[in-house]
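Hello,

Here is the structure I promised to pass on to you. Have a look at it first, and my notes follow below.

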Amino acid sequence: MPAISVQDLRKVYGEDEVALDGVSFDIEEGEFVVVLGPSGAGKSTLLRILNGLTEPTEGTVEVNGEEVRGRRDDVAMVFQLHYVIESMSAYRNALTGALSRAGLLQSLMTWYDEEDKRAALDALETVGLLEEAEQRAGSMSGGQQQRVGIARALVQHPTLLLADEPVASLDPKAATEVMGYMRSAAKDRNLTTIASLHQVNIAREFGDRFIGIRNGEVVFDGDGDDLTMEAVDDIYYGEGGDDPAEVLEA
Ligand code: ADP
């Protein structure tokens, strides 16, 4: 059984805004998959459906054989913008990952048990921030804040980690560093990961497998060797040389 199975996903916003059309793929446990594609291709919609934040118009998503219907505790998401709470320490931010698993009363009281506390410290160590655990998140660099976001996701003990353009707002050095931590965290835990990225060079460095989406359809699915310059051109601009500007506007 694949860890993730996506079958014939279609998403139409409003009357006729087709964001995804006939998207199908399986992902094995522990794979680190990068979703590539131009702006407006449907990457974010795909990740939001995988996370249960958006309902597909047609098609199904299964995580470990169970159909996704609404939010799942075992699916964690790292977002593009820093979702950290600036006034709290890195450690407190990481701990909030445990809230998604907690009962209502426990989350209202923000109680954390010893296991959660250990998980938060362990996750901060994984992203190289153990020494900064008590530092206020708001005083950290963008890259550090995004690493806190990854730690928070890890504390959720997910079986699937999703990241929607996690390094889009970072400079190339910080972006590479954050992706390095994300990959090693995922590999250490055999955690299935799907990240959307628009920087092809960074994607190439970290992905095991690449799924290219253009105009809501899968136009590429292969490993780093398959991801030639021609393949990248095709994902972004389309076969037969569509006008890049038009595709990017689409
Ligand atoms: P990407 O993440 O690849 O940039 P998106 O999934 O954000 O692509 O968008 C895919 C298409 O769906 C785009 O044409 C976008 O304008 C449209 N879209 C996305 N979200 C909404 C929404 N909430 N309502 C209407 N259209 C949307």
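Arg152 belongs to helix α5. Helices are DSSP runs of H or I with at least four residues, strands are runs of E with at least two, and both are numbered from the N terminus. Between the C-alpha atoms of Arg152 and Tyr91 there are 8.9 Å in space, while 61 residues separate the two in sequence.

Before the rest, two remarks on how to read this. The model is a predicted one, in which local features need pLDDT of at least 70 and side-chain atom pairs count only at pLDDT 80 or more, whereas totals for chains, interfaces and linings use all residues. Residues are numbered from 1 along each chain as its sequence is written, and side-chain values use heavy atoms, with hydrogens and water left out.

The ligand

I expect you will want to look here first. The shell around the ligand consists of Tyr13, Glu17, Ala19, Pro38, Ser39, Gly40, Ala41, Gly42, Lys43, Ser44 and Thr45, where a residue belongs if one of its heavy atoms lies within 4 Å of the molecule. By type, the shell has four nonpolar, five polar and two charged residues. In this scheme Ala, Val, Leu, Ile, Met, Phe, Trp, Tyr, Cys and Pro are nonpolar, Asp, Glu, Lys and Arg are charged, and the others, Gly among them, are polar. Two elements, β2 (17-27) and α1 (43-50), each give at least two residues to the shell, and α1 has the largest share with three residues.

A polar side-chain atom of Lys43 is 2.8 Å from a ligand oxygen. A polar backbone atom of Ser44 is also found 2.8 Å from an oxygen atom of the ligand, and for a polar backbone atom of Gly42 the distance to a ligand oxygen is 3.0 Å. On its own the ligand has 560 Å² of accessible area, and the protein covers 60% of that; such areas come from the Shrake-Rupley method with a 1.4 Å probe, and for residues only the protein chains shown count as cover.

A buried serine

Ser196 sits in strand β8 (residues 192-196) and counts as buried, at 0% relative accessibility. Its side chain makes a polar contact of 3.0 Å with the side chain of Asp164. A polar contact is a pair of N or O atoms within 3.5 Å; within protein, one must be able to donate a hydrogen and the other to accept it, and residues adjacent in sequence count only if both atoms are side-chain atoms. A polar atom of the Ser196 side chain also lies 3.0 Å from the backbone nitrogen of Glu165.

Backbone angles

Most residues other than glycine have a negative phi. Which residue in the loop between α5 (142-155) and β7 (160-164) has a place there? That is His157, and its phi is positive at about 50° although it is not a glycine. His157 is partly exposed, at 42% relative accessibility. Asn215 is not a glycine either and has a positive phi of about 45°. Asn215 is placed in the loop between β9 (209-214) and β10 (217-222), and it is partly exposed at 48% relative accessibility. Gly238, which follows α8, has a positive phi near 90°.

Other places to look

Helix α8 (residues 229-237) has Ala231, Val232, Asp234, Ile235 and Tyr236 as its buried residues. Asp116, in helix α4 (residues 114-126), is buried with a relative accessible area of 7%. Phe220 lies in strand β10 and is buried too, at 11% relative accessible area.

Finally, the charged end of Arg183 sits over the ring of Phe32, 5.7 Å from the ring centre. That description applies if NZ of Lys or CZ of Arg is within 6 Å of the ring centre and within 35 degrees of the ring normal.

Definitions and conventions. Buried < 20%, exposed > 50% of the residue type's maximum accessible area, 1.4 Å probe, protein only.
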